[in-house]
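Reader: I would like a close look at a single part of this model, with the cut-offs spelled out as you go.

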Amino acid sequence: MIMVTEFIFYSTLIFASISTLVAIYNLVTAPRLEKIECNSVQDQLVSVLVPARNEEKNIGNCIDVVLSQSYKNFELIILDDESEDRTAEIISDKISEYNSNNKIKLISGKPLPNGWLGKNWACHQLSKEANGEYLLFIDADVRLSSGVVESCLFYKDKYKLEMISSFPTQIINSFGEWLIVPLMNFLLLAFLPLKKVYSSANKSFIAANGQFLFIAKSAYEKIGGHLTFKERVVEDMEIARQVKKSGFNMMTFLGADSVSCRMYDGFRLAFNGFSKNYFPGFNTSPIIFFLFLAFLFTTYFLPFLMIFMNSSFVLIVLIILLGRLAISVSSRQNILVNILLHPVQMLIMITIGVNSVYRTKTKKLKWKGRSI
């Protein structure tokens, strides 16, 4: 028994220490999408593309923040993806409100063909309507500061980038959301040195978020656009892999004050949303994925139980919580809440993982009324 306890102690100590070091490294080095006035010659048309299905709560604000951009050479194209609410009506009202600048275009989505997932089909249609040299795909629930497009053009020129993605600063308004939403940034910032997405040619260093994806149209077309990934649930990661594989430069940012989003309204939507993406996002076999879940349980939950058997595990708990502190600061999330909820969050993350595998393999994944 003593040998087993020692093995658990030293193995979890090693892995927890490594992930905390990664979290601290990200705190210091992770790219932030800051507002920058680049004073670029405004001759590069940017197409802001928004797929919208049942987004009556978000689409009006989305239009307002896009039209408030400091960079003015852009077009806003919104696709109403067979919405069953007032989405199209609200867009039409906004077009009337802003009709003096002729920047908004509404298109009606065509019926979903066989072999396509809904969002991928919507983005594909949007790309065909776009006239810009650069495409900015955003979700309807994303909020942008006024200088985001200008900042993307600045970073694009400075680092010779063909693609920019951003993980928005998450707006979390309920206890149920606090149990789940912070897990996304935990998985991102505890295991991936975000700076390496740009600085390393290693294709293992990949991260992208389809909520905010800025890409040169020439690069988008070269990789085949969303058509290449029409059946992929986590199409943003697949696009990023193909961009890097094709030799293009990309950089992934934290949203900071520039990009924010309230992903889910409550526990149930968050649970279902994470179940949709969790297992497919790893692009691996169920066996490997279950081993990863076992690793999460052993490294990030078990030490909180083991302290009642062996006080030495307090050291590991403190290391884990130090990592959560670094991730919370990087993510602009409440440090105390994440620290207090950490053990429960880990159990929920494992539960979501099991549910994700089950629903993926049994083809029971659904989102916004459609099977995935």
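Which backbone oxygen lies 2.7 Å from a polar atom of the side chain of Ser328?

Author: The backbone oxygen of Arg324 lies at that distance, 2.7 Å from a polar atom of the Ser328 side chain. This is a predicted model, in which local features need pLDDT of at least 70 and side-chain atom pairs count only at pLDDT 80 or more, while totals for chains, interfaces and linings use all residues. Residues are numbered from 1 along each chain as its sequence is written, and side-chain values use heavy atoms, with hydrogens and water left out.

Ser328 belongs to helix H13, which covers residues 313-331; helices are DSSP runs of H or I with at least four residues, strands are runs of E with at least two, and both are numbered from the N terminus. With a relative accessible area of 1%, Ser328 is buried, a term that means under 20% relative accessible area with a 1.4 Å probe, protein chains only. Leaving aside residues up to four places away in sequence, Ser328 touches Gln333, Asn334, Ile335 and Asn338, where contact means heavy atoms within 4.5 Å.

As for the setting of this residue, the chain contains 14 helices and 12 strands, and 56% of its 372 residues count as buried. Of the contacts in the chain between residues at least 6 apart in sequence, 82% join residues at least 24 apart. The C-alpha atoms fill a box of roughly 75 × 45 × 35 Å, taken along the principal axes.

How values were computed: Buried < 20%, exposed > 50% of the residue type's maximum accessible area, 1.4 Å probe, protein only. Polar contact = N/O pair within 3.5 Å; in protein donor to acceptor, adjacent residues only side chain to side chain.
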